[in-house]
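Dear colleague,

Please find the structure below, handed over for your work. My notes on it follow directly after.

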Amino acid sequence: MDFDLIIIGAGPGGYVAAEHAADLGLKTAVVEKAQLGGTCLNRGCMPTKALLHAAGQLSHMEAARGLGIAAEGVRFDFAAMQRAKNDAVEQLRAGIAQAFKAKKITHITGTAQVTAPNAVRVGDAAYTAKNILIASGSEPARPPIPGLDLPGVVTSDDLLSPEGRDFARLAIIGGGVIGVEFASVYRALGCAITIIEAAPRLLPAMDKELSQSLSMLLKKRGIEIAAGAKVERIVPAGDGLAVVYTNKKGSECRTEADGVLAATGRRACIGGLFAEGLHPETTRGALVCDANFETSIPGVYAVGDVVAGNIQLAHAASAQGVTVVHHLAGQPAPANLCCVPGCVYTDPEIASVGLTEEQSKAAGAAILVGKVPALANGKALVEHSERGFIKLIFRAEDEVLIGAQMMCPRATDLIAVPAFAAANGLTRAQLLRTVFPHPTFSESIAHAAEAARPR
């Protein structure tokens with residue numbers, strides 16, 4: 001065999017797995033048709049967070065007057081924001097290339113096709129490996145909405161292109177993570193925003209209270225939200241577009257905008273990945289895997305967005321990739337994949353891990369719930385934070401932490417504490433042994449644990 005492991009895709013699922021595989025002594029190659037870093041680095045997590053940071057800085061400067069600071073003539077330069085975003089992406093991409101070189105990982109540029117359980121073709125070149133790991137990721141889904149192909153209808157890929165896209169009015173189809181994050185960016189830049197979501201609420205996969213609190217804040221900031229709505233069509237309207245939808249009462253409504261963002265989820269990238277005659281088991285266009293992430297083709301594994309039913313998060317893909325290479329090296333998995341936190345980078349941030357209160361009750365579990373409002377925290381109060389909360393869920397019988405939901409400043413960092421506790425089966429008493437510093441946002445975790453009561 002040419003390699004011990006060939007990885008298809010250099011996103012978080014692929015490049016992190018490659019680095020760990022090399023550390024474990026596996027001769028490794030990574031095939032990538034585009035740029036190192038995959039969707040997360042080039043068209044997803046990182047450029048989005050760069051724009052969110054810039055937009056957040058602008059919002060904080062505009063709000064500084066409430067802290068006794070007068071900032072005159074505050075404005076933004078859209079092109080300069082895009083350059084800063086691109087610079088960050090290029091630096092991170094260079095870091096991956098440097099790690100590949102240092103760890104002697106072979107980087108093959110081109111489109112890969114699996115031709116046999118141990119063979120991959122890239123262009124005219126053929127390679128063999130003891131095992132193959134598919135980490136080809138996902139792409140924006142495009143539902144069959146009439147007018148979705150009109151000029152001015154964009155995806156997250158378009159908004160995160162090197163030059164970006166600027167709008168005065170933006171209609172967003174989809175109120176999931178992608179939709180609400182871009183709504184936050186563009187609203188901070190003065191854009192008029194309408195979010196149209198088919199589910200009864202924003203962030204339908206997350207805790208209901210998180211959704212309700214976020215909706216209230218976004219509406220307070222002037223964002224229009226149409227939940228429980230079905231988009232019927234997109235049509236030209238003057239110099240822009242109009243989204244025609246049926247609201248939850250069954251009435252036809254219309255919102256006009258300069259552009260329309262289709263934030264309707266993502267689908268697995270497996271088109272052309274397997275040669276004719278090689279048919280792995282799939283469902284809804286994604287690969288079916290067993291507990292070890294092995295597909296129905298022996299020796300061919302898959303991680304990340306390409307896996308059926310998987311949670312579409314960069315750090316989940318990375319953890320799964322590391323799990324696979326440890327399995328191939330005959331070593332136990334280092335991470336507990338049942339405790340993967342999810343994050344939303346709105347202002348304030350949102351984060352969760354484990355079970356929600358509704359899920360716990362639906363499973364018939366007796367629970368203790370501890371919840372404290374964000375503004376009960378001194379640090380949040382002096383920083384003029386807005387509404388939010390921290391909620392911890394413990395199993396009643398042994399008081400082991402089984403879930404946490406946060407909407408507060410630094411939530412995406414703070415969630416690591418309950419994620420650590422849940423992954424290691426820690427109890428409420430063990431969590432309370434920690435002395436949290438004051439004044440910090442983190443001490444609200446202890447306050448929530450102290451407040452836990454039967455629910």
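By class, the residues that line the second largest pocket of this predicted model are 13 nonpolar, 10 polar and 10 charged. The pocket holds about 1,200 Å³ of space. Its lining comprises 33 residues, and those closest to the centre are Gly-56, Ser-59, His-60, Asp-347 and Pro-348.

Two of the residues closest to the pocket centre, Asp-347 and Pro-348, are joined by a cis peptide bond, with omega at about 0°. Pro-348 is placed in the loop between β20 (342-344) and β21. A cis peptide bond also runs from His-438 to Pro-439, where omega is near 0°. Pro-439 belongs to the loop between α13 (428-431) and α14 (443-450).

Helix α7 covers residues 208-220, and its 13 residues should span 18 Å at 1.5 Å a residue. The C-alpha atoms at its ends are 19 Å apart, which agrees with that expectation. Just after the helix, Gly-222 takes a positive phi of about 95°.

Which residues of α7 are buried? They are Leu-210, Ser-211, Ser-213, Leu-214, Ser-215, Leu-217 and Leu-218. An α-helix has 3.6 residues a turn, so residues three or four places apart point the same way. The cover over the buried residues of α7 includes α6, β10 (192-197), β11 (224-227), β21 (349-354), β23 (389-395) and β24 (401-408).

Leu-203, in the loop between β10 and α7, has a phi near 45°, a positive value in a residue other than glycine. Is Leu-203 buried or exposed? Its relative accessible area is 2%, and because the cut-off for burial is under 20%, Leu-203 counts as buried. Arg-410 likewise is a residue other than glycine with a positive phi, here near 65°.

Yours sincerely

Technical notes:
Residues are numbered from 1 along each chain as its sequence is written. This is a predicted model: local features need pLDDT of at least 70, side-chain atom pairs count only at pLDDT 80 or more; totals for chains, interfaces and linings use all residues. Side-chain values use heavy atoms; hydrogens and water are left out. On a 1 Å grid over the protein atoms alone, a cavity is a set of points where a 1.4 Å probe fits but cannot get out, and a pocket is an open set with protein on both sides within 12 Å along at least five of seven lines; lining residues have an atom within 4 Å of a point. Grid points are joined across faces, edges and corners, and a volume is the space filled by probe spheres set on the points. Ala, Val, Leu, Ile, Met, Phe, Trp, Tyr, Cys and Pro count as nonpolar, Asp, Glu, Lys and Arg as charged, and the others, Gly among them, as polar. Helices (H or I, at least four residues) and strands (E, at least two) are DSSP runs, numbered from the N terminus. The expected span of a helix is 1.5 Å times one less than its number of residues. Buried means under 20% relative accessible area, exposed over 50%, partly exposed in between (1.4 Å probe, protein chains only). Contact means heavy atoms within 4.5 Å.
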